[in-house]
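Work through the following exercises with the sequence and the model at hand. Each task is followed by a solution in steps.

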Amino acid sequence: MQRIGIIFDTCNGIDDQARVTLMQKHGFEATFLMSNDPKIEERAALLRQARIAVDTCHAPFDGINNMWQPTAAGDEMLTRLTDGLENCARYEIPVLIVHLSSGENPPRVGDVGLARFDRLLAHAKALGVTVSFENQRKLGNLALAMEYYPEAGFCFDTGHEACFTPGREYMPLFGNRIVALHLHDNAAVYNADDHILPYDGKVDLERCARQLAASPYTGTIMSESFKTSFYDALSPEEYYARAEKAVRRFADRVAYYRAQA
């Protein structure tokens, strides 16, 4: 069975050692960090000591639309993404997850932005880091990037598919390129990106499990859920226990469908 993981920032209000202890107690063998996390060095060391793999880093996405603008802010955004690649290489994290745009009306794809992404992908290749593009609102942007950059991977986000692009399925299009998974749930309401635990919302996770099983992906079943107000009644211990049960349930379904193939 594939190992399970959970985003490091899943539960705020407890210190880093408490997070690691709860991850170990509940069988989470992997995690991911933000690439611009000011504590990335100490957290990477703590996780390494605990033998919890850092599968990926997530690049910053505030201001990502600037990548498509002929402005100094666009150059600054490229620098932030490049710094993320450098941190991945520095701390031996193999994948950087990148958004291509944000919001319902991002700038149109154009040569200025593509030139910046050309530089980003070339630098990633030189460092031995894989850039993985995540599904957001604009299917066309993702399709273009996946076509232009055959060396890039795909990060499948189950929640984003349901709340940002209802009716569209990404795994049949890009599942052969998947290198990372963001597993979370929501109410399947447009723009309601709740990031709650699997099976606490209305996302069709059974279909997601079938599609993942049909893909070549054997990496971590990674939760990107957060202890929001939805879980105010739960202690951190109870939340991690619930997260383990939910993520293992999904992993079991992937294993079931894979065994049927």
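**Exercise 1. Aromatic pairs.** How many aromatic pairs does a search of the whole structure find? Classify the pair Phe154 and Phe156 and the pair Tyr231 and Tyr239.

Solution. The search of the whole structure gives 11 aromatic pairs. Rings of Phe, Tyr and Trp (its six-membered ring) pair if their centres lie within 6.5 Å; planes under 30 degrees apart count as stacked, over 60 as edge-to-face and the rest as tilted. For Phe154 and Phe156 the ring centres are 6.1 Å apart and the planes stand at 35°, so this pair is tilted. For Tyr231 and Tyr239 the centres are 5.3 Å apart and the planes stand at 65°, so this pair is edge-to-face. Next, burial: buried means under 20% relative accessible area, exposed over 50%, and partly exposed in between (1.4 Å probe, protein chains only). Phe154 and Phe156 are buried, and Tyr231 and Tyr239 are buried too. Finally, one aromatic cluster is formed by Trp68, Phe117, Phe133, Tyr148 and Tyr149.

The model is predicted: local features need pLDDT of at least 70, side-chain atom pairs count only at pLDDT 80 or more, and totals for chains, interfaces and linings use all residues. Residues are numbered from 1 along each chain as its sequence is written, and side-chain values use heavy atoms, with hydrogens and water left out.

**Exercise 2. Charges over rings.** Over the face of which residue does Arg210 lie, and over which does Arg249 lie?

Solution. A charge sits over a ring if NZ of Lys or CZ of Arg is within 6 Å of the ring centre and within 35 degrees of the ring normal. Arg210 is over the face of Tyr257, 5.9 Å from the ring centre. Arg249 is over the face of Tyr199, 3.7 Å from the ring centre.

**Exercise 3. A helix crossing.** Describe how helix 8 and helix 9 cross.

Solution. Helices (H or I, at least four residues) and strands (E, at least two) are DSSP runs, numbered from the N terminus. Axes are lines fitted to C-alpha atoms, for helices over the stretch in contact, and angles run from 0 to 180 degrees between N-to-C directions. The axes of helix 8 (residues 205–213) and helix 9 (residues 236–260) come within 8 Å and cross at roughly 50°. The two helices are therefore oblique to each other (under 35 degrees is roughly parallel, over 145 roughly antiparallel, 65 to 115 roughly perpendicular, the rest oblique).

**Exercise 4. A histidine in a helix.** Which residues is His160 in contact with, leaving aside its neighbours within four places in sequence?

Solution. His160 belongs to helix 6 (residues 158–164). Its relative accessible area is 4%, so His160 is buried. Its contacts beyond those neighbours are Glu134, Asn135, Gln136, Thr165, His184, Asp193 and His195.

Note on methods. Contact = heavy atoms within 4.5 Å.
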